[in-house]
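Here's a quick look at how this chain packs together. Have the model open alongside as you read.

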Amino acid sequence: MRVALLGPPGTFSEEALLAARPEDLDAVYAPTVYDAVMAVHHGEVDRSFVPIENSLEGSVNATLDALAVETRDIRIVGEAVHPVRHCLIAARHLELDEVDTVVSHPQANGQCARFLRERLGHAKVLAAPSTSDAVRMVAEADGTWAALGTRLAAGLYGCEILRAGVEDVADNETRFVWLARDGAGEAGWAGPWKTSLVFWGVGSGEPGWLVRCLSEFAFRGVNLTKIESRPRKQGLGRYMFFVDLEGRDDDRSVADAVAGLAAHCEEVRALGSYPAAA
């Protein structure tokens, strides 16, 4: 199976992919999360494996926007939750007071914000396209720069780990999703399922509109595990809403709730119905 993911080698996406499915994979590294999503849209790969949500920094907007705005033929067909352990990495041994610049992906910088503020407040913090790009930059610089990245990347690029576990919260986790064009999930899966939707409506500016939308789920006993708004990119005050809920899209209560929701909305789109992560 050809799988697109954020590259280059050594990213948390690769670490999570290897943990979720270590065999029978041909990894195709993409320069951005957006490119990884679009690779499956263009038929260049069989699946994409991308981050969608972090327990500290929240949703990965590039994934949500690509699913809701850029494509209509991609579905979430599975998910995996992976613990994220950040390392402070340099080309050679450095004391913390010798580090003058820290570089990493913005999500990683955010997840380690307290460590950066309290232990490396003197250093500049720069953004990189991915954590492994950051480690590669540090390896090539061979100076007083350090990167936030994976233990995997440190080994790949011949760097030294200065500190391990520098994330602000020890149980930091990222949720990844499998994407496919055909939308085929694990049909024989006997465990719990999850369904993801995006919706918006012409009545969204009216008092109580969102309450009426969400009541369709509450009245039928369908539990929502996530709700989030994102701009529709059509001007201020115009939003789309993402929800995750427990159950399959063909469960009677879920199907009835989605049909009831559609009566309030301009558009309701299923982003996928798939086995929930253990």
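## Around V198

Skipping its neighbours within four places in sequence, V198 is in contact with A68, M240, F241, F242, E267, V268, R269 and L271. Keep in mind that this is a predicted model.

V198 also turns up in the largest nonpolar core, a set of 25 residues. V37, V50, L67, I76, L179, V198 and F242 have the most contacts inside that core. At least two core residues come from each of β1 (2-6), α2 (33-41), β3 (47-54), α3 (61-70), β11 (173-180), β12 (193-200), β14 (239-246) and β15 (267-275). The largest share, 5 residues, belongs to α2.

There's another core lying apart from this one, with 16 residues, including V102, C112, F115 and L148.

## Helix α2

So what is buried in α2? The list runs V33, A36, V37, M38, A39 and V40. Those buried residues pack against β1, β2 (26-30), β3, α3 and β11. After the helix comes G43, with a positive phi near 75°.

## The five-stranded sheet

Now for an open sheet of 5 strands, ordered β8-β7-β9-β6-β10 with mixed pairing. β8 (124-127) and β10 (160-164) sit at the edges with a single partner strand each, so one side of each has no neighbour in the sheet. From one strand to the next, the twist averages 30°.

β7 (residues 101-104) and β8 run parallel, joined by 4 bridges; T101 has K124 in β8 as its bridge partner. Helix α6 (residues 131-141) packs on the sheet, touching β6 (87-90), β7 and β9 (145-149). The direction of α6 makes about 155° with that of β9.

Technical notes: Residues are numbered from 1 along each chain as its sequence is written. This is a predicted model: local features need pLDDT of at least 70, side-chain atom pairs count only at pLDDT 80 or more; totals for chains, interfaces and linings use all residues. Side-chain values use heavy atoms; hydrogens and water are left out. A nonpolar core is a set of buried Ala, Val, Leu, Ile, Met, Phe, Trp, Tyr and Cys residues joined through side-chain atoms within 4.5 Å. Buried means under 20% relative accessible area, exposed over 50%, partly exposed in between (1.4 Å probe, protein chains only). Contact means heavy atoms within 4.5 Å. Two strands pair if DSSP finds at least two bridges between them. Axes are lines fitted to C-alpha atoms, for helices over the stretch in contact, and angles run from 0 to 180 degrees between N-to-C directions.
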